[in-house]
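I opened the notebook to log what I looked up in this structure.

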Amino acid sequence: LPTLLIHSKDDAYVLPENMEKIYAGLVALHASDKTKLLVTGSGHVVTRDAARHQVFEAARDFIKRIEEN
């Protein structure tokens with residue numbers, strides 16, 4: 001199952017290290033496509049903060065890549 005993980009380094013509620021734990025679990029499950037993106041300049045809700053355009057572009061590119069395979 002393809003998975004895109006996006007997290008902000010500036011998230012005050014959930015530590016970025018949690019993304020690494022989730023990613024490690026995906027590796028153990030042999031996920032077909034696992035991608036992670038750490039953004040800066042955003043808080044907990046990355047789709048509403050300063051880096052939202054980067055988040056949207058990464059999601060678009062990930063979906064296109066998955067559709068092509």
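I counted charged side chains and found 9 positive and 10 negative in the protein, with the centres of the two sets 1 Å apart. Lys and Arg count as positive, Asp and Glu as negative, while His and the chain ends are left out. I placed each charge at NZ of Lys, CZ of Arg, CG of Asp or CD of Glu.

I noted that this is a predicted model, where local features need pLDDT of at least 70, side-chain atom pairs count only at pLDDT 80 or more, and totals for chains, interfaces and linings use all residues. Residues are numbered from 1 along each chain as its sequence is written, and side-chain values use heavy atoms, without hydrogens and water.

I looked up the surface next. The protein exposes about 4800 Å², of which carbon and sulfur atoms supply 57% (Shrake-Rupley method, 1.4 Å probe). Of the 69 residues, 25% are buried (under 20% relative accessible area).

I then read the fold. The protein has two helices and two strands, in the sequence pattern β-α-β-α. Helices (H or I, at least four residues) and strands (E, at least two) are DSSP runs numbered from the N terminus.

I checked the strand pairing, which requires at least two DSSP bridges. Strand 1 (residues 3-8) and strand 2 (residues 34-39) run parallel and are joined by six bridges. L5 stands opposite K36 in strand 2. Between the strands, the chain passes through helix 1 (residues 17-28), and this β-α-β crossover is right-handed: with the strands pointing away from the viewer, the path from the first strand over the helix to the second runs clockwise.

Key:
Buried < 20%, exposed > 50% of the residue type's maximum accessible area, 1.4 Å probe, protein only.
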